[in-house]
4 protein chains.
Amino acid sequence: MQRFPSSLMSGYRNFMSGRYSAESERYRVLAETGQKPQTLVIACCDSRAAPETIFDAGPGELFVMRNVANMVPPYEPDGQYHATSAALEFAVQSLRVKDIVVMGHGRCGGIKAALDPDAEPLSPGDFIGKWMGLLKPAAEQIQSNDMLTASERQTALERVSIRNSLDNLRTFPCVKILEEKGKLQLHGAWFDISTGELWVMDAKSRDFIRPPLE
Amino acid sequence: MQRFPSSLMSGYRNFMSGRYSAESERYRVLAETGQKPQTLVIACCDSRAAPETIFDAGPGELFVMRNVANMVPPYEPDGQYHATSAALEFAVQSLRVKDIVVMGHGRCGGIKAALDPDAEPLSPGDFIGKWMGLLKPAAEQIQSNDMLTASERQTALERVSIRNSLDNLRTFPCVKILEEKGKLQLHGAWFDISTGELWVMDAKSRDFIRPPLE
Amino acid sequence: MQRFPSSLMSGYRNFMSGRYSAESERYRVLAETGQKPQTLVIACCDSRAAPETIFDAGPGELFVMRNVANMVPPYEPDGQYHATSAALEFAVQSLRVKDIVVMGHGRCGGIKAALDPDAEPLSPGDFIGKWMGLLKPAAEQIQSNDMLTASERQTALERVSIRNSLDNLRTFPCVKILEEKGKLQLHGAWFDISTGELWVMDAKSRDFIRPPLE
Amino acid sequence: MQRFPSSLMSGYRNFMSGRYSAESERYRVLAETGQKPQTLVIACCDSRAAPETIFDAGPGELFVMRNVANMVPPYEPDGQYHATSAALEFAVQSLRVKDIVVMGHGRCGGIKAALDPDAEPLSPGDFIGKWMGLLKPAAEQIQSNDMLTASERQTALERVSIRNSLDNLRTFPCVKILEEKGKLQLHGAWFDISTGELWVMDAKSRDFIRPPLE
């Protein structure tokens with residue numbers, strides 16, 4: 001008979017005997033009063049870059065939307081299902097978050113696929129192909145640049161993807177208006193899985209720099 | 001000048017001095033060899049129900065897709081952008097995950113909105129309204145049952161949403177085929193934020209039961 | 001020749017050598033001075049859910065009325081025989097109980113019958129059919145919800161039946177008046193045969209929650 | 001705020017730490033496989049005469065119907081709500097019990113009321129008056145017998161009530177037929193609260209005698 005993954009069950013036991021038993025009161029209160037996160041994090045599904053881990057976040061702190069390559073499609077009020085736009089709308093309009101962080105990371109599989117000229121569809125639906133198509137113009141420009149090494153092209157597109165998501169966020173009227181009013185701030189960040197370094201985007205120059213840790 | 005959220009920066013410092021310094025070798029290896037997660041978790045964006053926290057998961061263990069109300073739309077190879085379908089395709093076809101867990105939770109804001117007959121669009125685009133529309137038939141049936149309390153209706157729809165996502169997962173040919181071949185298993189789980197209880201769906205009856213912790 | 005069930009006789013011998021011999025004085029006093037129970041329990045006939053067992057109650061503590069599915073019909077002063085109304089009247093007006101507990105339980109056969117669309121009368125008199133008819137409107141609403149599993153529908157109706165009995169209790173003038181005067185309290189409880197859990201109804205929300213055991 | 005009776009909660013804690021923890025497996029099995037009691041006990045609501053206590057019965061052993069003065073009304077297939085007939089039908093036709101025990105007891109308040117010529121209705125509905133009316137002819141005969149002491153009259157009517165219930169049980173076709181086929185046995189018993197004595201009715205003479213305990 002089918003069994004729930006044992007690794008998850010043992011992890012859950014650790015959670016119950018550890019974090020939950022230590023913070024049960026906090027969980028009870030969060031259940032009663034509801035969540036009031038200050039921050040929306042738009043991150044990648046990658047198993048090596050969980051926002052709660054990297055930002056050592058506790059329950060109630062981060063509202064987290066995760067898709068392949070931490071992307072935000074442009075504003076399209078077309079009546080279709082938009083997972084990303086729905087999460088964004090809920091975070092901004094209902095939860096009234098104060099900050100939105102788009103967090104990318106190194107060695108991103110989605111970005112790698114976007115840069116692979118010989119990439120085959122993974123399935124007849126080719127959903128990844130369509131999804132990464134959001135980065136097509138940028139990907140083609142970078143692909144064609146034979147001055148950069150493969151890994152430089154990869155890092156370049158990972159960061160372009162973050163800036164691209166930030167630009168698309170601003171195509172949502174509610175985001176644009178609240179940011180102009182100073183009630184909402186947008187941020188970019190890039191996590192290096194290998195070294196654990198966090199690179200933060202400078203709002204003005206849009207360069208990624210390593211902030212001092214102290 | 002705009003500053004990166006200080007709570008996130010201090011959390012990141014804890015990560016670097018704590019988990020990362022303890023597991024830096026593991027991160028380095030994961031960066032070199034790439035991720036090989038066994039499990040895809042489809043979860044909600046809720047700040048109180050992070051899969052990595054509840055399953056005490058380390059880097060590389062869980063490929064996590066998060067949207068409002070942990071939903072999976074039905075298979076629609078229509079050339080649109082599908083964040084969820086793309087993540088699913090990548091996890092199943094490229095990463096070859098062995099298990100998919102759809103994890104819902106109590107007090108879900110998206111589910112609450114779906115059950116609110118007087119819910120106003122949060123913005124002109126009404127992205128949440130459209131997104132939760134995936135549960136419309138179920139929501140209407142449950143809404144109309146005035147014998148149940150508000151919280152009983154909420155819990156019922158939260159669990160229906162999980163079963164609904166599992167059904168939709170099976171509309172994806174790659175999922176259906178691999179499950180039939182026994183190479184992929186689908187699971188449902190429901191997390192009670194207040195008590196920390198994890199309820200797991202029985203594959204046969206589709207009921208949610210609390211597995212023994214020993 | 002007909003013999004009294006031997007299992008009952010041997011159980012009675014245990015009672016005499018055990019509880020009775022230990023509490024004979026208490027029994028003698030209770031016989032002399034009469035019973036003064038504080039609580040009326042309205043429970044189901046089910047062999048797995050005896051109130052005295054679940055509440056570890058001694059002689060004189062609980063006045064117990066038991067019928068199928070722990071139901072209370074609405075106030076009907078029509079001169080017919082009303083087993084339930086008679087027991088209620090005696091407990092409230094003559095014994096002056098302070099609390100009334102309506103206790104339902106999981107896997108209730110009466111509730112199961114009420115939810116079975118193909119249920120045949122058990123006998124020409126169809127007494128169960130008529131009796132469970134007290135829940136007909138609720139049963140039909142819940143029956144029609146094909147989004148819920150069979151056991152979810154069962155649990156839902158078991159709890160609706162408790163709330164229904166509490167509502168009907170308040171159609172009895174003596175109950176209504178004494179409750180308003182604060183001299184009588186009504187409670188709902190649901191017992192899970194499998195896990196032994198007792199769920200208590202919150203008077204305000206009417207939800208069933210597990211009270212802390214400490 | 002309203003609280004569940006503390007005496008019941010502490011009793012429940014005893015149950016969980018005592019009987020349930022000792023018999024949890026039995027409870028789990030009884031929940032899975034359903035109840036299969038051999039015996040239906042028709043008893044009084046009296047707080048001093050709980051069948052499970054007197055027969056030291058465990059979970060799953062006794063299907064127990066309790067009303068005031070352990071009465072069974074005659075067979076009336078009239079479409080009204082009949083709590084007692086419904087429980088009887090369920091026990092005999094669905095659970096297929098092998099024995100039915102009608103258990104009365106001393107100092108029965110219902111019987112006392114039936115014998116009190118000056119008894120006032122307890123409420124405008126006079127449900128007890130109507131209910132005890134089932135014993136009116138017998139009560140009047142015994143009342144008028146001034147050769148008997150008050151307590152002799154009480155005991156006499158308590159036993160008449162048991163025989164009366166046994167007679168009425170046989171007006172139910174299903175009971176009559178199964179008894180004639182030897183598949184169902186009917187028994188009478190009377191419990192003396194003060195001495196703890198159990199008197200069993202002899203099927204032939206219908207006298208109540210004390211069976212040897214060895």
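Predicted model: local features only at pLDDT ≥ 70, side-chain atom pairs only at ≥ 80, totals over all residues.
Contact here means heavy atoms within 4.5 Å, and by that criterion chain A and chain D do not touch, their nearest C-alpha atoms being 17 Å apart.

**Chain pairs**

Like chain A and chain D, chain B and chain D make no contact, and the nearest C-alpha atoms of chain B and chain D are 13 Å apart.

| Pair | Residues in contact | Buried area | Share on carbon and sulfur atoms | Salt bridges | Residue pairs in polar contact |
|---|---|---|---|---|---|
| Chain A and chain B | 96 residues from chain A, 96 residues from chain B | about 8,300 Å² | 64% | four salt bridges | 35 residue pairs |
| Chain C and chain B | 22 residues of chain C, 22 residues of chain B | about 1,600 Å² | 44% | four salt bridges | 12 residue pairs |

**Chain A with chain B**

Among the salt bridges between chain A and chain B, of which the count is four, is the one that A:Glu32 forms with B:Arg107, where the closest N and O atoms are 3.7 Å apart. The polar contacts between chain A and chain B, counted where both residues are at pLDDT 80 or more, come to 35 residue pairs. On the side of chain A that touches chain B, helix H1 (residues 6-33) of chain A gives the largest share, namely 15 residues. Sorted by class, that side of chain A has 49 nonpolar, 28 polar and 19 charged residues.

**Chain C with chain B**

The count of salt bridges between chain C and chain B is four, and one of them joins the side chains of B:Glu152 and C:Arg163, with an N to O distance of 2.6 Å. Polar contacts between chain C and chain B, again with both residues at pLDDT 80 or more, amount to 12 residue pairs. At least two residues of the side of chain C that touches chain B are supplied by each of helix H6 (136-143) and helix H7 (150-169) of chain C, and the largest share, six residues, comes from H7(C). The classes on this side of chain C are eight nonpolar, six polar and eight charged residues.

**A helix pair within chain B**

Two packed helices are described by the angle between their axes and the distance between the axes. For helix H3 (residues 83-94) and helix H8 (residues 173-180) of chain B, the axes come within 10 Å and cross at roughly 35°, and the crossing of H3(B) past H8(B) is left-handed. On H3(B) the contact is made by B:Leu88, B:Val92 and B:Gln93, and on H8(B) by B:Cys174, B:Val175 and B:Leu178. Of the residues in this contact of H3(B) with H8(B), five are nonpolar, one is polar and none is charged.

**Two loop residues with positive phi**

In chain A, A:Asp126 lies in the loop between helix H4 (109-115) and helix H5 (127-132), and although A:Asp126 is not a glycine, its phi is positive, at about 45°. In chain D, D:Asp56 is found in the loop between helix H2 (51-54) and strand S2 (62-67), and D:Asp56, which is not a glycine either, has a positive phi of about 40°.

Conventions: Residues numbered from 1 in each chain as written. Chains lettered and ligands numbered in written order. Heavy atoms only, no water. Axes fitted to C-alpha atoms, helices over the stretch in contact; angles between N-to-C directions. Helix = DSSP H or I, 4+ residues; strand = E, 2+ residues; numbered from the N terminus. Left-handed = near helix turned anticlockwise from the far one by under 90°. Nonpolar A, V, L, I, M, F, W, Y, C, P; charged D, E, K, R; others polar. Buried area = accessible area lost by both parts, 1.4 Å probe. Polar contact = N/O pair within 3.5 Å; in protein donor to acceptor, adjacent residues only side chain to side chain.
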